[in-house]
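Subject: Handover of a structure and notes on its contents

Dear colleague,

Please find below the structure that I am handing over to you. My notes on what was found in it follow directly after.

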Amino acid sequence: MGLLYKVKSIVERMDITPKGEFVRIYEITAITKSGVDFTVLIPKLEFSKERASKLLEEEAKKIEDTLAL
């Protein structure tokens with residue numbers, strides 16, 4: 001089975017935690033095979049290719065499953 005999504009952009013930006021700490025995050029925007037844009041946020045300290053791929057796949061699957069209803 002092919003990918004359920006295609007990455008459109010990856011942006012590294014700063015965010016502020018509820019405790020007021022600054023953290024770097026990756027904001028990854030993708031599009032599903034049905035044309036729905038979505039975004040996942042991953043803290044830089046937790047970022048890996050495998051983690052990003054897993055989160056993108058899960059989110060795209062949820063969207064595609066919902067559209068199939």
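Predicted model: local features only at pLDDT ≥ 70, side-chain atom pairs only at ≥ 80, totals over all residues.

A residue is called buried at under 20% relative accessible area, exposed at over 50% and partly exposed in between, with a 1.4 Å probe and protein chains only. Helices (H or I, at least four residues) and strands (E, at least two) are DSSP runs, numbered from the N terminus.

Residues are numbered from 1 along each chain as its sequence is written, and side-chain values use heavy atoms, with hydrogens and water left out.

Overall layout

The protein chain has one helix and three strands, and along the sequence these follow the pattern β-β-β-α. Its C-alpha atoms fill a box of roughly 40 × 20 × 15 Å, taken along the principal axes. Of the 69 residues, 23% count as buried. The accessible surface (Shrake-Rupley method, 1.4 Å probe; for residues, only the protein chains shown count as cover) comes to about 5,100 Å², and 57% of this belongs to carbon and sulfur atoms.

The sheet

Two strands are said to pair if DSSP finds at least two bridges between them. The three strands form an open antiparallel sheet in the order β1-β2-β3. Its edge strands are β1 (5-16) and β3, each of which pairs on one side only. From one strand to the next, the twist averages 25 degrees.

β1 and β2 are joined by 11 antiparallel bridges, and Tyr5 has Thr32 in β2 as its bridge partner. Five residues lie between the strands of this hairpin, where Gly20 takes a positive phi near 85 degrees. The antiparallel pairing of β2 with β3 runs over seven bridges. Here Ala30 stands opposite Phe38, and Thr29 stands opposite Thr39. The hairpin of β2 and β3 has four residues between its strands, and Gly35 in the turn has a positive phi of about 95 degrees.

The helix and the core

Contact means heavy atoms within 4.5 Å; axes are lines fitted to C-alpha atoms, for helices over the stretch in contact, with angles from 0 to 180 degrees between N-to-C directions. The helix α1 lies across β1, β2 and β3 and runs at about 150 degrees to β3.

Which residues make up the largest nonpolar core? A nonpolar core is a set of buried Ala, Val, Leu, Ile, Met, Phe, Trp, Tyr and Cys residues joined through side-chain atoms within 4.5 Å. The largest one holds 11 residues: Leu4, Tyr5, Ile28, Ala30, Phe38, Val40, Ile42, Ala52, Leu56, Ala60 and Ile63. β2 (22-32), β3 (37-43) and α1 (49-67) each give two or more residues to this core, and α1 supplies the largest share, with four. In soluble globular proteins, nonpolar side chains tend to be buried together.

Leaving aside neighbours within four places in sequence, Ala60 is in contact with Leu4, Tyr5, Thr32 and Phe38. Ile63, which lies in α1, is buried, with a relative accessible area of 17%.

The aromatic pair

Rings of Phe, Tyr and Trp (its six-membered ring) pair if their centres lie within 6.5 Å; planes under 30 degrees apart count as stacked, over 60 as edge-to-face and the rest as tilted. A search of the whole structure finds one aromatic pair. Tyr26 and Phe47 form this tilted pair, at 4.5 Å centre to centre and with 45 degrees between the planes. The pair links distant parts of the chain, with Tyr26 in strand β2 and Phe47 in the loop between β3 and α1, 21 residues apart. Tyr26 is buried, at 16% relative accessible area, whereas Phe47 counts as partly exposed, at 32%.

With kind regards
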